[in-house]
Amino acid sequence: MIGLGKESLDRFASSQRDIRGVTIGMSAEAYQILKQRMESLWKELLAFGAQQDQAEIVYQINMQLFPLSDPQGDEE
């Protein structure tokens, strides 16, 4: 699905897609909070999708949260 998301940049007009990303620094505690918020949003999306009786088109929604660096102070 990530590959299809990349292809969508060329296949669809910007009015037909929404692709965004952000890179931020945070603490381990903030990571856990953000992860919980993403889980809540995921549940909302699933509930919203379940209510769609008159679906006209199928959309893919992806969320990712992963580290881009090692933790500061980690000495190995």
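The legends below accompany a series of views of one predicted protein model. Residues carry numbers that start from 1 along each chain as its sequence is written, and side-chain values use heavy atoms, with hydrogens and water left out. Because the model is predicted, local features need pLDDT of at least 70 and side-chain atom pairs count only at pLDDT 80 or more, while totals for chains, interfaces and linings use all residues.

View 1. Helices (H or I, at least four residues) and strands (E, at least two) are DSSP runs, numbered from the N terminus. The C-alpha trace spans about 55 × 30 × 20 Å along its principal axes, and the radius of gyration is 17 Å, whereas a compact globule of 76 residues would have one near 11 Å. That radius is taken over C-alpha atoms, and the globule rule is 2.2 Å times the number of residues to the power 0.38. Of the 76 residues, 3% count as buried, a word that means under 20% relative accessible area, with exposed meaning over 50% and partly exposed lying in between (1.4 Å probe, protein chains only).

**View 2. Ser-8 sits in helix 1.** Ser-8 counts as buried because its relative accessible area is 10%. Leaving aside residues up to four places away in sequence, Ser-8 touches Arg-17 and Ile-19, where contact means heavy atoms within 4.5 Å.

**View 3. Arg-20 and Asp-18 are joined through their side chains in a salt bridge.** The distance from N to O is 2.5 Å, and a salt bridge is defined as a side-chain nitrogen of Lys or Arg within 4 Å of a carboxyl oxygen of Asp or Glu. Both Arg-20 and Asp-18 are exposed, and a search of the whole structure finds one salt bridge.

**View 4. A nonpolar patch on the surface is formed by Val-22, Ile-24, Met-26, Tyr-31 and Leu-65.** Together these residues have about 450 Å² of accessible area, computed by the Shrake-Rupley method with a 1.4 Å probe, and for residues only the protein chains shown count as cover. Patches are made of residues with over 30% relative accessible area and no salt bridge, with like charges joined within 9 Å and nonpolar side chains (Val, Leu, Ile, Met, Phe, Trp, Tyr) within 5 Å.

**View 5. Met-26 belongs to the loop between helix 1 (2-11) and helix 2 (28-50).** Met-26 counts as partly exposed because its relative accessibility is 35%. Ile-24 is also found in the loop between helix 1 and helix 2, and Ile-24 is exposed because its relative accessible area is 55%.
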